[in-house]
Amino acid sequence: MAEDYVIEMLHITKEFPGIKANDDITLQLRKGEVHALLGENGAGKSTLLRLLAGLEKQTSGEILIDGRPFSGPSLSRGVVFQDYGLFPWMTAGENIMLALRQRFPERDKKELREVAVNMLQSVGLDKGVYNKLPKELSGGMKQRCAIARAFGIDPPILLMDEPFGALDAQTRTQLQTELLETWEREKKTCFFITHDVEEAIILAQRVIIMSARPGRIKDIVDVNIPYPRTQETKLTPEFNELKNHIWSQVYQEYLAVRK
């Protein structure tokens, strides 16, 4: 069973030359819950995720995992990036295998190859994709490979930056369902960025709304709709009430940026 984790961000500020991306963010991600992050372009959402992934270092403040500070990336945190993060000289299967070998060094290559093929199939790709280079794949296929890699290493924490944004509607719905099933089965701690209010509500237990740059926490909305959630959940009054409430706050930030 995966270990229990809790992430705490304490007064986090991140500055780049001439730009303050995040400002005084204090936030706790409860263990075993799904958290969605919404906000305007440029609000520092991806920067915050990179801080959690250990790919950037905050300018000030502290980030704790399970009560302890950390440095650098870790296989305990599976990450899906907007730009896929696939090595172009490796096939789709080799990209997944690289992560699997690091995560499960005690398992033999044949067993891990079967895991890689199964993970590709679980995101709607046939096993022939295993031997294709990223340049031979569409954007949506590359994104599915990146999701398969993150799911395959079975991390207790999943960090995802618009993981379904490049996908067609049917595949997007399929992978939302897969993520929900994974969470209900394994209770992973999930943190994902999206611009889709409906996606945030259907997947998450808490929706975090960020203000425009510099990114601050504007509001945290609890989604008290019971699981299992399906696409039919979107037709309920409870869903639409939450959607209107969250969308109004996101739209306020949209207007603030354009003043």
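Trainee: Which residue in β5 is the bridge partner of I65?
Mentor: In β5 that partner is R68, and L64 is bridged to P69 of β5. This is a predicted model, where local features need pLDDT of at least 70, side-chain atom pairs count only at pLDDT 80 or more, and totals for chains, interfaces and linings use all residues. Residues are numbered from 1 along each chain as its sequence is written, and side-chain values use heavy atoms, leaving out hydrogens and water.

Trainee: Why are β4 and β5 called paired?
Mentor: Two strands pair if DSSP finds at least two bridges between them; β4 and β5 are joined by 2 bridges, so they qualify, and they run antiparallel. They form a hairpin with 2 residues between them, and D66 in the turn has a positive phi of about 55°.

Trainee: What makes β5 a strand?
Mentor: Strands are DSSP runs of E with at least two residues, and helices are runs of H or I with at least four, numbered from the N terminus. β5 covers residues 68-69, so it meets the strand definition.

Trainee: How many bridges link β1 and β4?
Mentor: They pair in the antiparallel sense over 5 bridges, with I7 bridged to I65 in β4.

Trainee: What is the strand order in the open sheet?
Mentor: The 4 strands run β2-β1-β4-β5, with antiparallel pairing. β2 and β5 are the edge strands, since each pairs on one side only.
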